[in-house]
Amino acid sequence: MMHTKNTTPTELANALLSRSLCNVQMAAVISDNRGIFAWGWNHVGHDGMGEHAEAAAIRRGNRQRFPYATITIVGWRQFRGRHVTSLPCMDCMDRIKAAGIPYVQYWQEDKWITFPVDSDID
């Protein structure tokens with residue numbers, strides 16, 4: 001069991017990367033002002049198809065807390081041994097919007113970027 005009381009969403013997301021067996025490891029953490037309440041990583045799903053980290057975290061989350069939450073996403077490419085830009089794919093953005101999570105935080109180059117889900121990003 002992972003202790004999350006004094007862990008930030010970005011710290012937990014990075015710690016979860018090692019749980020993924022994929023070449024590009026992805027992790028997602030959902031939190032609000034009360035703390036972290038859901039997390040997931042990309043893996044072979046229950047049906048044998050791949051499940052994205054965002055989908056796993058949303059599936060595990062308390063939907064009543066989603067309207068006040070931020071989903072934090074990070075990726076790591078094993079071959080190169082470095083972080084990758086971790087902006088959610090279109091399917092995951094649709095899942096995030098449908099869940100009602102208002103903010104996305106993701107890793108890009110050397111910094112964390114946070115944006116409201118309803119905004120246009122480039």
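A residue counts as buried under 20% relative accessible area, as exposed over 50%, and as partly exposed in between. The legends below describe close-up views of a predicted model.

**View 1. The salt bridge between E51 and R59.** The side chains of E51 and R59 meet in a salt bridge, with a distance of 2.9 Å from N to O. R59 has a relative accessible area of 40% and is therefore partly exposed. E51, at 13% relative accessibility, counts as buried. This contact belongs to a count of two salt bridges in the model.

**View 2. The salt bridge between R65 and D32.** R65 forms a salt bridge with D32, and the closest N and O atoms are 2.7 Å apart. The pair links distant parts of the chain, the two residues being 33 residues apart. R65 lies in the loop between α2 (53-60) and β5 (70-77), whereas D32 lies in strand β1 (residues 24-32). D32 has a relative accessible area of 12%, so it is classed as buried. R65 likewise counts as buried, because its relative accessibility is 14%.

**View 3. Strand β1 and its two partner strands.** Strand β1 is mostly covered, as eight of its nine residues are buried. β1 pairs with β5 in the antiparallel sense over eight bridges. Within that pairing, S31 has T70 of β5 as its bridge partner. Strand β2 (residues 35-41) also runs antiparallel to β1, and six bridges join the two strands. In β2, W41 is the bridge partner of A27.

**View 4. The hairpin of strands β7 and β8.** Strand β7 (residues 103-108) pairs with strand β8 (residues 111-116) in the antiparallel sense over six bridges. Q105 stands opposite T114 in β8. The two strands form a hairpin with two residues between them. In the turn, E109 has a positive phi of about 55°.

**View 5. The packing of helices α2 and α3.** The axes of α2 and helix α3 (residues 90-99) come within 9 Å and cross at roughly 20°. Angles under 35 degrees count as roughly parallel, and α2 and α3 are therefore roughly parallel to each other. The crossing of α2 and α3 is left-handed.

View 6. C22 is in no disulfide, and the nearest cysteine sulfur, that of C92, is 13 Å away. C89 is also in no disulfide, with the sulfur of C92 again the nearest cysteine sulfur, at 3.7 Å. A disulfide requires a pair of cysteine sulfur atoms within 2.5 Å. C22 counts as partly exposed because its relative accessibility is 27%. C89 is partly exposed as well, with a relative accessible area of 30%.

Conventions:
Residues numbered from 1 in each chain as written. Predicted model: local features only at pLDDT ≥ 70, side-chain atom pairs only at ≥ 80, totals over all residues. Heavy atoms only, no water. Buried < 20%, exposed > 50% of the residue type's maximum accessible area, 1.4 Å probe, protein only. Salt bridge = Lys/Arg side-chain N within 4 Å of Asp/Glu carboxyl O. Helix = DSSP H or I, 4+ residues; strand = E, 2+ residues; numbered from the N terminus. Pairing = 2+ DSSP bridges. Axes fitted to C-alpha atoms, helices over the stretch in contact; angles between N-to-C directions. Parallel < 35°, antiparallel > 145°, perpendicular 65-115°, else oblique. Left-handed = near helix turned anticlockwise from the far one by under 90°.
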